[in-house]
Structures are given as C-alpha cells and as structure tokens.
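Me: I'd like to learn how to read a sheet in a model. Can you walk me through one?

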Amino acid sequence: MKLILSCLTLCLSLAACTGVPLRSVPRLMNLPQSLLQANPAEVMVGLQVDARLVPPAGAVPMLIIKLTPREPGAFEAIDKKLPLQVSATSTALLNLEAPPLGRRWLIYSLPASTQAELQRIQAFVRDAQTRPNGLGSGSLSVGVAQESLAITDPALANTRWDTWLQVRRQDGFFAVWSGTPAQLQKLSAGQR
C-alpha cells in the first residue's frame with residue numbers, strides 16, 4: 001500500500017476526495033517550492049491511526065521524490081526512494097494534539113542520510129531552475145510509501161487515518177488527508 005502525497009498531482013487526484021481539507025489545498029499547491037526551501041531536519045509527516053496498528057519490526061517507510069524535466073534530456077531525471085524513520089507516541093507532539101483514547105501518532109522524519117540526499121536534490125533543482133529557455137523546468141512530486149502498513153486485519157481496514165505534514169517547524173503541521181486504509185487501497189488501485 002502506498003500513501004502518496006504528490007505535490008503536483010495531489011490536488012488533482014485527491015481534491016475530489018472528501019478527505020483533503022479545502023484549507024490545505026493552497027499549502028499543497030505550494031508544496032514543491034516549500035520543499036525546495038525547507039530545512040530537511042524539519043520535514044515530518046504525522047499519521048494518526050488506530051492504536052492497534054503497529055508497524056512490523058524493521059519496517060522502513062520511504063520518501064519518494066520524482067523530478068521529471070519538461071523537455072526530455074534537459075537534465076537528469078530523479079526517481080529516488082529514501083529511507084525515513086518512524087516513531088510512535090500517544091501524547092501531544094509539537095503542534096499536534098494528543099490523539100483520542102485508542103489512537104496514536106506515527107511520526108515520520110528524515111534520518112541524517114536522507115536529509116543529506118534531500119539537500120543534494122534541493123541544490124540540483126535550484127541549479128536546474130537557473131537554466132535559460134525553460135530548460136530547467138519540470139514536474140516534482142513527493143510522497144511517502146509504507147507498504148508494511150498494509151492492512152491485513154479486516155478490523156482495521158475501515159479505521160480512520162489522519163495525515164498531517166510539516167515542512168517548516170515555524171509553520172507547524174497542517175492536515176493533508178483523512179480517510180481509511182480501504183479508501184487508500186481503492187485510490188491506489190485507481191492510480192495504477
């Protein structure tokens with residue numbers, strides 16, 4: 001199962017779904033530029049889930065970054081899956097409120113190696129943007145994949161997931177999507 005927060009296609013593919021808060025659409029549309037300026041140590045995804053949902057030991061969620069030039073060959077395309085780290089908490093964290101009884105937060109952050117790679121990608125994109133005649137333009141999408149969170153317990157398939165994103169600490173987290181794993185599976189199947 002993939003949980004995809006796509007910078008360029010998120011608004012088109014998920015805006016029609018009732019799970020994307022309208023107040024978040026402007027921030028989502030500005031997400032590619034925000035990520036280019038972000039301090040990678042501050043980028044986090046918060047997923048509020050049923051407390052019974054436990055990621056398997058050793059499961060590593062991945063940050064997916066895809067950069068495709070508008071003009072083929074204008075620059076090298078990027079298609080990376082970078083490891084994230086996950087922690088779980090049942091208390092308030094940063095500007096996220098404590099989850100209700102029976103729920104908890106899974107907080108995804110970037111380990112040092114992923115932060116360094118994201119900084120390299122940010123520099124590459126900034127350099128590409130300075131190329132003349134639009135040769136540095138293209139599309140950027142970013143997502144989080146967590147196949148190990150695939151729901152195998154039918155009792156959890158229709159539990160609510162609330163997804164929040166932080167790009168800059170000073171701006172805090174904002175709601176990105178709310179729905180169920182069953183809805184995500186249906187959405188994922190439709191994007192294939």
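Predicted model: local features only at pLDDT ≥ 70, side-chain atom pairs only at ≥ 80, totals over all residues.

Me: Is strand 6 buried or exposed?

Reply: Buried means under 20% relative accessible area, exposed over 50%, partly exposed in between (1.4 Å probe, protein chains only). Strands are DSSP runs of E, at least two residues, numbered from the N terminus. In strand 6 (residues 103-109), seven of seven residues are buried. One side has Arg103, Trp105, Ile107 and Ser109, the other Arg104, Leu106 and Tyr108.

Me: Which strands pair with strand 6?

Reply: Two strands pair if DSSP finds at least two bridges between them. Strand 2 (residues 44-50) runs antiparallel to strand 6 over seven bridges, with valine 49 opposite arginine 104. Strand 5 (residues 85-89) is also antiparallel to strand 6, over five bridges, and there serine 87 faces isoleucine 107.

Me: What is the strand order in the open sheet?

Reply: It's 5-6-2-8-9, five strands with antiparallel pairing. Strand 5 and strand 9 (174-179) are at the edges with a single partner strand each, so one side of each lacks a neighbour in the sheet.

Conventions
Residues numbered from 1 in each chain as written. Heavy atoms only, no water. Helix = DSSP H or I, 4+ residues; strand = E, 2+ residues; numbered from the N terminus.
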